[in-house]
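Hello,

Here is the structure we talked about handing over. My notes on it follow below.

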Amino acid sequence: MAFPILVIKFGTASITLPTGELNKPAMMDIARQVSALRDQYHIVLVSSGAVGAGRGRIGNYRGDISQRKAAAAVGNLLLLNLYSRFFDVYGITVAQSLCERHHFANRDQFLQLKDTYEELWESGIIPIVNENDVVSNRELKFSDNDELATLLAVGFGAEVLMLCTSVGGLLDPDGNLIRHVPRLTEAVFGVVRTDKSSMGLGGMASKLTFAKLATRMGIRVVIFGLTEPESIRKALDGSIGTQIEPQPMTLSARSRWLGSGSLVVGRVRVDAGAATALQRRSSLLAVGVAEILGEFSAGEVIEIVDETDTALAVAQARLSSFDLANLPSRQNVEVANANDIVLL
């Protein structure tokens with residue numbers, strides 16, 4: 001049976017103690033609450049906590065990149081063993097999924113990932129996802145699980161994205177909870193506190209950034225905490241936490257994948273004429289590219305910005321940055337077809 005997709009992300013502070021050790025009672029309760037939703041949703045559980053769980057096993061831990069990777073290698077095993085044990089109480093098998101950015105940047109690889117998850121759901125298995133920190137060539141501080149959860153939600157067409165935080169939702173400058181956000185505007189970004197836990201990498205600013213992407217793609221976002229009994233169900237029903245409304249969206253699955261700004265690997269700056277043509281749903285021609293920003297290959301997703309660096313669109317490039325820079329003539333050469341462009 002096809003259920004709507006629910007992506008739930010638990011931050012480090014939600015499932016670890018101040019010492020960095022995993023909070024077993026909290027994880028047991030997560031397993032109990034998530035298990036109760038299995039008959040209503042296809043669930044993806046994105047869980048932080050691996051670095052915090054493993055760092056105590058690394059000698060003379062200082063927190064540099066190689067040590068964080070080593071801590072993640074140890075911590076992921078500890079994390080999944082506990083989740084497996086706690087979900088098994090409810091007759092649920094869990095699967096580990098360690099993702100890397102290229103799984104999302106390449107459409108074919110992403111579809112393979114989606115097929116695997118659908119096979120897991122058919123067998124009643126819940127995938128538990130984390131970034132593959134051990135081999136990632138990006139420093140951990142530039143990648144957090146808010147981003148990973150959002151990419152999964154957008155790419156899979158999730159109905160709801162839930163982001164669990166230690167502060168229970170979006171707070172205004174006075175520390176009061178903001179219960180409902182119809183639309184994530186600059187004004188909302190300006191008044192919300194950007195506190196960050198000492199254990200995690202992402203803070204509220206990160207959650208807002210990725211919540212904006214998710215809501216733009218038609219996904220309801222809930223930011224909540226685990227302080228109340230049955231908090232996951234209550235947050236899903238809208239009685240606790242912050243509810244951020246989805247925006248109207250009619251994009252195809254492929255366009256949603258393209259429209260995720262986090263998939264961008266390079267950028268091009270276009271002149272005023274090209275910017276106007278894009279708004280008319282025209283293709284991007286090489287003659288309109290004023291500057292190439294970063295390297296990209298043919299088939300990868302790029303961001304298109306105007307002369308003021310305002311993001312206009314994302315697109316799947318038909319040329320690599322090298323080929324674009326070395327064209328003998330830019331006349332009538334297509335950088336991105338209109339069908340491969342999603343306006344932002």
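This is a predicted model: local features need pLDDT of at least 70, side-chain atom pairs count only at pLDDT 80 or more; totals for chains, interfaces and linings use all residues.

The UniProt record, an unreviewed entry, places the feature "domain: PUA" at residues 266-340.

Five strands make up an open sheet with mixed pairing, in the order S13-S11-S14-S15-S17. Its edge strands are S13 (289-293) and S17 (341-343), each of which pairs on one side only. On average, neighbouring strands of this sheet are turned by 25° against each other, direction ignored. S11 (residues 266-270) pairs with S13 in the antiparallel sense over four bridges, and Val-270 stands opposite Val-289 in S13.

The structure holds eleven salt bridges.

- Asp-309 and Arg-269 meet through their side chains at 2.7 Å, N to O. Asp-309 lies in the loop between S14 (301-305) and S15 (311-316) and Arg-269 in S11, so the pair ties together parts that are 40 residues apart in sequence. Asp-309 is partly exposed at 39% relative accessibility, whereas Arg-269 is buried at 16%.
- Asp-146 forms a salt bridge with Lys-207, with the closest N and O atoms 3.4 Å apart. Here helix H7 (residues 145-156) holds Asp-146 and helix H9 (residues 204-216) holds Lys-207, so parts 61 residues apart in sequence are tied together. Asp-146 is buried at 0% relative accessible area, and Lys-207 counts as buried at 5%. A network of salt bridges links Lys-9, Asp-146 and Lys-207.
- Asp-237 and Arg-233 form a salt bridge at 3.6 Å, N to O. They are four residues apart in helix H10 (residues 231-237), about one helical turn.

Regards

Definitions and conventions
Residues are numbered from 1 along each chain as its sequence is written. Side-chain values use heavy atoms; hydrogens and water are left out. Two strands pair if DSSP finds at least two bridges between them. Helices (H or I, at least four residues) and strands (E, at least two) are DSSP runs, numbered from the N terminus. Axes are lines fitted to C-alpha atoms, for helices over the stretch in contact, and angles run from 0 to 180 degrees between N-to-C directions. UniProt positions are given in the numbering used here, feature names are shortened, and annotations may be inferred rather than shown by experiment. A salt bridge is a side-chain nitrogen of Lys or Arg within 4 Å of a carboxyl oxygen of Asp or Glu. Buried means under 20% relative accessible area, exposed over 50%, partly exposed in between (1.4 Å probe, protein chains only).
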